[in-house]
Amino acid sequence: MTQKNKTEQGLDLGIVGNGTVAGLIDRRGAYRWLCLPRLDGEPVFNSLMNGGGTFGVWMEGLEKHSQSYEKNTAILRTRLEAKDGSILEIVDFSPRFDKNGRTFRPAAVVRQFHVIAGEPKIAITLSVEAEWGKTKIKPKRGVNHIRYESEDTRFRITTDAPVSYVMNGTQFLLDNDVTFILNADEALADSVHALADDWYRRTASYWYRWSRSLAIPIEWQDAVIRAAITLKLCVFEETGGIVAALTTSIPEHSGSQRNWDYRYCWIRDAYFSVTALNRLSEMETLEHYMRWVRNIVSHSKGGHIQPVYGISLEEKLTETIAEALPGYSNMGPVRVGNQAAEHIQHDVYGQIVLGVAQSFFDKRLLNNPGLAEFKALEPVGERAYAMHDQPDAGIWEFRTIAQVHTSSAIMCWAACDRLSRIAAHLGQTDRKTYWEERAGLIHQKILAEAWNEERNAFTAAFGGEALDASVLLMAEIGFISAQDPRYVGTVEAIEAELREGDHIYRYKVEDDFGRPETAFTACTFWYIDALSRIGRKDEARRLFENILSTRNHLGLLSEDVDTETGELWGNFPQTYCMVGIINSAALLSRKWTETI
């Protein structure tokens, strides 16, 4: 589809990554964000938060610029054109390919500067900061590299460009191609040019093969493939943890103070990401995630499970403020860590079981879980049953509001329901009956306590009146039929109260920070899917096309959108939203058999 013509905005960023690190690059080829040595590390390039760390290029007489991904890859191309006809193309990627029987994905990024026309006059802008903007790291020169070292950070940039020019920011004529490799503080095994070329070819080949394996719908193929690649870049492959976004503290709207650190693994977000990739037959992420979540279950010993952990199972994510960084568009605070790790959110029990349920049934996996793994999951179900009617912070992580949230109760039902199905699959008749009965009791409770006859809708909390878009998920997970009049009534009530233009708000009641001022894009996708399920497919398709038009120039979405201007807000890229593209496209697209 054709996107709307929009002025440039702060989140017009591309992503390069490899399952270990990921960087954000703006339209003019400047690194605005890169954390080392992994997705949740310290940002060495932090200008996205108005810090002084960046790796970009100045070009004399710059007149035009454009940016695109190489088809079906995570390789980003930025084209800079000067008034005198000089053209420079920057190729950015992070190496990822199979090597010696394993995936090679170092904490490294590659920049290749290709002279397309003329002799561009450029200067390299390179500055590195540590301690969340407190300290500028002084570069140390080598023969063909520059070293950066602080207490927690050590890396080098190796290049065949004149090192003196790079270090000093000197303007110079670029009369031949040059390469930069940022990696660990180690000498490269080959020339920087030869190594980068080899890594480029092998990385491109990896992404071509990976994308070709996806089972995509016939419509909106480019959007789905880009969403899938983006989700893949949010997986920390070493452990299987999936970050909710690659950034921290991009506010939900101007001056909102709703600035959060999303570089951690929310069980909820990870479940959505895994199931979306499963729909495309991308099974590798599920296998990695299974390892991560089995460790969470083991550590919990049948007790409380946090809603969010670090990507290496860190339990303490103490929230602090990075005082040295002004924040996105000077709208702080910049938060490091997330208090949500301390919250009580009962929906996690359902999302754990839902997230791994397919693995018990899918014969494509190298190793299907069996009876032992089922028994390890049963304490999660017991916890879900015990907590289904107890107050919690809910899916939106209210900091001072505790209620029995309907969405949490529904997910507790899902935990018991899926355990019953898994037990049946494994031939465990007694356990099937046991979990079926528990699911039934929760189901009855929700129908009795969450349905509001006067509102003709399921409400946000038991006995309440406020609406919450998250209850739209009840049809997707099978709690209720989409044709049930109560579900249709809920969709219509949410439409009347939470819809602004073609977008849906999470809720409209005041929370800890007042009333939300931007729509939550994932909720718009849930609403689109709900419309399709209740038979309003033509309208759903129109809204889907509209939400696709809010993506940035590379097809990426953040967490929120201004319903009047279409401006993107919130952390970026938001996995919830990229999931929404995949799910809605799969639901709305014509079938291949209908077209060919």
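Student: How many aromatic pairs does the count come to?

Tutor: The model is a predicted one. Rings of Phe, Tyr and Trp pair if their centres lie within 6.5 Å. By this rule, the count comes to 30 aromatic pairs.

Student: Is the pair of tyrosine 148 and phenylalanine 155 stacked or edge-to-face?

Tutor: Planes under 30 degrees apart count as stacked, and those over 60 as edge-to-face. The ring centres of tyrosine 148 and phenylalanine 155 are 5.3 Å apart and their planes stand at 25 degrees, so this pair is stacked.

Student: Which term, stacked or edge-to-face, describes tyrosine 262 and tryptophan 266?

Tutor: The centres of these two rings, tyrosine 262 and tryptophan 266, are 5.4 Å apart. Their planes lie at 65 degrees, so the pair is edge-to-face.

Student: Is tyrosine 262 buried or exposed?

Tutor: Buried means under 20% relative accessible area. Tyrosine 262 has 11% relative accessibility, and it therefore counts as buried.

Student: In the open sheet of 8 strands, which strands stand at the edges?

Tutor: The order of the sheet is β6-β7-β8-β11-β19-β17-β16-β15, with antiparallel pairing. An edge strand here has a single partner, so one side is left without a neighbour in the sheet. The strands at the edges are β6 (62-69) and β15 (140-141).

Student: Which residue in β19 stands opposite phenylalanine 113?

Tutor: Strand β11 (residues 109-117) pairs with strand β19 (residues 178-184) in the antiparallel sense, over 5 bridges. Opposite phenylalanine 113, the residue in β19 is valine 178.

Key: Residues are numbered from 1 along each chain as its sequence is written. This is a predicted model: local features need pLDDT of at least 70, side-chain atom pairs count only at pLDDT 80 or more; totals for chains, interfaces and linings use all residues. Side-chain values use heavy atoms; hydrogens and water are left out. Rings of Phe, Tyr and Trp (its six-membered ring) pair if their centres lie within 6.5 Å; planes under 30 degrees apart count as stacked, over 60 as edge-to-face and the rest as tilted. Buried means under 20% relative accessible area, exposed over 50%, partly exposed in between (1.4 Å probe, protein chains only). Two strands pair if DSSP finds at least two bridges between them. Helices (H or I, at least four residues) and strands (E, at least two) are DSSP runs, numbered from the N terminus.
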